Amino acid sequence: MAPPNTNKRCKGVQIFRPFVFGSTARLFDPVTNPKPAGTPDDHTHSWTVFVKGVDDVDITYWCKKVTFKLHDSIPNPTRIIENVQPGTPFQVSETGWGEFEIVIKIYYVPEASEKPQTLYHHLRLHPYGTDAEKEEMRTKGEVISWSYEEQLFNEPNEQFFDLLTSPVDRKAAGGKGGKGKGTKLMRGGMVGSTGERTALIPVGSRPGQPYSRETEKKEMRRMGEAKAKVDEMVKEAQRQYMDAERELAALRQG
Ligand code: SLL
């Protein structure tokens, strides 16, 4: 018998889920980051590339598998990561000497009936950005290149919609199954008090977890200030233009 048609799309519905991807790299240093035995001589850094939930919230209910295509100079460059513990990153750690583009492919759970999606990440080993940002990376001893992303599910089918919005089984999701609190999943208000899966990001930031409503507000303030500055520059340019026009008119009359 044919299976029931569970592939009906939820018309007009869009659901998004935040996640983070990127890399963290550290220079080898005899004290702070010693080279593991057997590491080739020309390798200067250790690094990790990952895809994970914001604040390590579980994403395995929609993301089933992630492949990372590394540089061809690296032994078996296509790494397949699946069956991760809910609430832990999909990640690959390596050592090396050079920066390159990593092709990240995200595969969805079968219920989604969605084709995999490709992301590109430039592995950064060396401090970059403004002088202040470079200095901060040197001081911390870590080169961080992370991006916040939102996975959009457009008109998910009914079965997947239920999965996306159903209450979290904390035990299955790596928690302690009801007993005890403070599982990773509950941190930062990512899972509502009723336990449903949500798209909320945490209220505040903490080290290693920069994505929050607080950062968002700061960023908006920064953009507001930048816009005010640009508006002022436009006004100043208009004033100069009017002055020049007046000067020109006076010269023509004279
Ligand atoms: C460059 N376009 O020339 C880049 C290539 C390749 C980095 C960087 C090898 C690690 C290994 C490694 O770090 N490759 O041998 O496992 O800078």
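**Close-up views of a predicted model**

**View 1. Salt bridge between Asp72 and Lys69.** In this predicted model, Lys69 is partly exposed, with a relative accessible area of 30%. The side chain of Lys69 meets that of Asp72 in a salt bridge, N to O 2.9 Å. Asp72 is exposed, at 60% relative accessible area.

**View 2. Salt bridge between Lys64 and Glu82.** The two side chains meet at 4.0 Å, N to O. Lys64 belongs to strand S3 (residues 63-69) and Glu82 to strand S4 (residues 78-82), so the pair ties together parts 18 residues apart in sequence. Lys64 is partly exposed at 39% relative accessibility, and Glu82 is partly exposed at 35%.

**View 3. Ligand surroundings.** Residues around the ligand include His43, His71, Thr95, Glu99 and Phe100. By class, the shell holds 4 nonpolar, 6 polar and 1 charged residues. A polar side-chain atom of Ser73 lies 2.9 Å from a ligand nitrogen atom. A ligand oxygen atom is 2.9 Å from a polar backbone atom of Trp97, and a ligand oxygen atom is 3.3 Å from a polar backbone atom of Gly98. Of the 460 Å² of accessible area that the ligand has on its own, the protein covers 69%.

View 4. Lys140 is exposed at 56% relative accessible area, while Glu136 is partly exposed at 43%.

Definitions and conventions
Residues numbered from 1 in each chain as written. Predicted model: local features only at pLDDT ≥ 70, side-chain atom pairs only at ≥ 80, totals over all residues. Heavy atoms only, no water. Near = heavy atom within 4 Å. Polar contact = N/O pair within 3.5 Å; in protein donor to acceptor, adjacent residues only side chain to side chain. Areas by Shrake-Rupley, 256 points an atom, 1.4 Å probe, with all protein chains shown as cover. Nonpolar A, V, L, I, M, F, W, Y, C, P; charged D, E, K, R; others polar. Helix = DSSP H or I, 4+ residues; strand = E, 2+ residues; numbered from the N terminus. Buried < 20%, exposed > 50% of the residue type's maximum accessible area, 1.4 Å probe, protein only.
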